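I opened this entry to keep track of what I looked up, step by step. The notes follow the order in which I went through the model.

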Amino acid sequence: THLIGRADKFEVWNEWNGSPGQSVGDYFELLKATYTAVKGANPNATVVGGVAVGYDPTFLKALIDLGAADYLDAISFHPYPGTNPEKTNYLGYFTDLQSYIQSKGITKDIELWVTETGWSNHEPGGASEMRTAGFGIQLYTMLVENRGLIDKLVWYDFLNDGTDPSDREFNFGLLSQKAGGVAKPAYVAFNAAAQRFAGAAHVQS
């Protein structure tokens, strides 16, 4: 209850499916207990389940089969395409999961969220900062075109975690660590897109 007014969205664990020896059944029990506790304190809170590393249809569909729809408001996962998202099955992740939910006769409006996605700019081997900006805008446009299918998309992450340019985990940020946080091209591109698409609605493909 001490979080009422401060936080109203709760993801249950992080990438359970990426930990060896962790079963979907154990996660389901954790989800049930968390949902009951959170809703007991704040019925208007949003409980997000799944929180899978990558798009893991085996894990997420097994969770649905166990009855997870009764114990969550949204399902999230963490796809990292590594390349041009339009040349991957990025949008297909959402249509696949939504179709499966509907095939089970579930009528509850379960939102589908991406709560981590992005590209590392580490050198060598990572995506360039300019290429990352282009990929990011492709995702932003995909979100605008598919509202109601893709409900939230969260970039990972805001600020580089470190200063070593060769470390993959250090270089996902929209801002670098230089001079306290210098904007990368993706940060500028997102700001421009937000202004351009403000209030926009997709009309026709």
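I am working with a predicted model. I began with the stretch made of strand β2 (residues 46-53), helix α2 (residues 57-65) and β3, which form a right-handed β-α-β unit. From β3 the chain then crosses through helix α3 (residues 90-103) to β4, and this β-α-β crossover is right-handed as well.

**Sheet.** Next I looked up how the strands are arranged. I found an open sheet of 5 strands in the order β1-β2-β3-β4-β5, with parallel pairing. β1 (9-11) and β5 (152-153) stand at the edges with a single partner strand each, so one side of each has no neighbour in the sheet.

I then went through the pairs. β2 and β3 pair in the parallel sense over 5 bridges. In this pairing, Gly50 has Ser76 in β3 as its bridge partner. On to the next pair: β3 and strand β4 (residues 111-114) are parallel and share 4 bridges. Here Ser76 stands opposite Trp113 in β4. Last, β4 and β5 run parallel and are joined by 2 bridges. I noted one partner there, Leu153 in β5 for Val114.

**Burial of β3.** How many residues of strand β3 are buried? I counted 5 of the 5 residues in 74-78, so the strand is largely enclosed by the rest of the structure. I also checked the two faces of β3 separately. Ala74, Ser76 and His78 lie on one side, Ile75 and Phe77 lie on the other, and all of them are buried.

**Ser23.** I looked up Ser23, which is in the loop between β1 and α1 (24-41). Its relative accessibility is 30%, so Ser23 counts as partly exposed. The side chain of Ser23 reaches the backbone nitrogen of Asp26 at 3.0 Å. I also compared Ser23 with Phe59: they are 36 residues apart in sequence, and their C-alpha atoms are 9.1 Å apart in space.

Most residues other than glycine have a negative phi, and most peptide bonds are trans.

Trp13 is not a glycine, yet it has a positive phi of about 70°. I located Trp13 in the loop between β1 and α1. With 49% relative accessibility, Trp13 counts as partly exposed; the cut-off for exposed is over 50%.

Val51 also has a positive phi, of about 45°, although it is not a glycine. Val51 is placed in strand β2. Is Val51 buried or exposed? I noted a relative accessible area of 0%, so Val51 is buried.

For peptide bonds, I wrote down two cis cases. The bond from Glu123 to Pro124 is cis, with omega near 0°. Pro124 sits in the loop between β4 and α4. The bond from Tyr156 to Asp157 is cis too, with omega near -10°. Asp157 sits in the loop between β5 and α5.

**Cavity.** A search of the whole structure gave 1 cavity of 30 Å³ or more. The largest cavity has a volume of about 40 Å³. I listed its lining as Asn121, Glu129, Thr132, Trp155, Gly173, Leu174, Lys184, Pro185 and Ala186. The elements that give two or more residues to this lining are α4 (129-145) and α5 (185-197). By class, the lining divides into 4 nonpolar, 3 polar and 2 charged residues.

**Pockets.** The largest pocket has a volume of about 280 Å³. It is lined by 17 residues, and Glu129, Asn160, Pro165, Asn171 and Lys178 lie nearest its centre. Its lining has 2 nonpolar, 10 polar and 5 charged residues.

The second largest pocket holds about 170 Å³ of space. Of its 13 lining residues, Gln98, Gln102, Lys108, Asp109 and Ile110 are the closest to its centre. Which elements give two or more residues to the lining of the second largest pocket? They are α3 and β4, and the largest share, 3 residues, comes from α3. I recorded the classes of this lining as 5 nonpolar, 4 polar and 4 charged.

Definitions and conventions: Residues are numbered from 1 along each chain as its sequence is written. This is a predicted model: local features need pLDDT of at least 70, side-chain atom pairs count only at pLDDT 80 or more; totals for chains, interfaces and linings use all residues. Side-chain values use heavy atoms; hydrogens and water are left out. Buried means under 20% relative accessible area, exposed over 50%, partly exposed in between (1.4 Å probe, protein chains only). Two strands pair if DSSP finds at least two bridges between them. A crossover is right-handed if, with the strands pointing away from the viewer, the path from the first strand over the helix to the second runs clockwise. On a 1 Å grid over the protein atoms alone, a cavity is a set of points where a 1.4 Å probe fits but cannot get out, and a pocket is an open set with protein on both sides within 12 Å along at least five of seven lines; lining residues have an atom within 4 Å of a point. Grid points are joined across faces, edges and corners, and a volume is the space filled by probe spheres set on the points. Ala, Val, Leu, Ile, Met, Phe, Trp, Tyr, Cys and Pro count as nonpolar, Asp, Glu, Lys and Arg as charged, and the others, Gly among them, as polar. A polar contact is a pair of N or O atoms within 3.5 Å; within protein, one must be able to donate a hydrogen and the other to accept it, and residues adjacent in sequence count only if both atoms are side-chain atoms.
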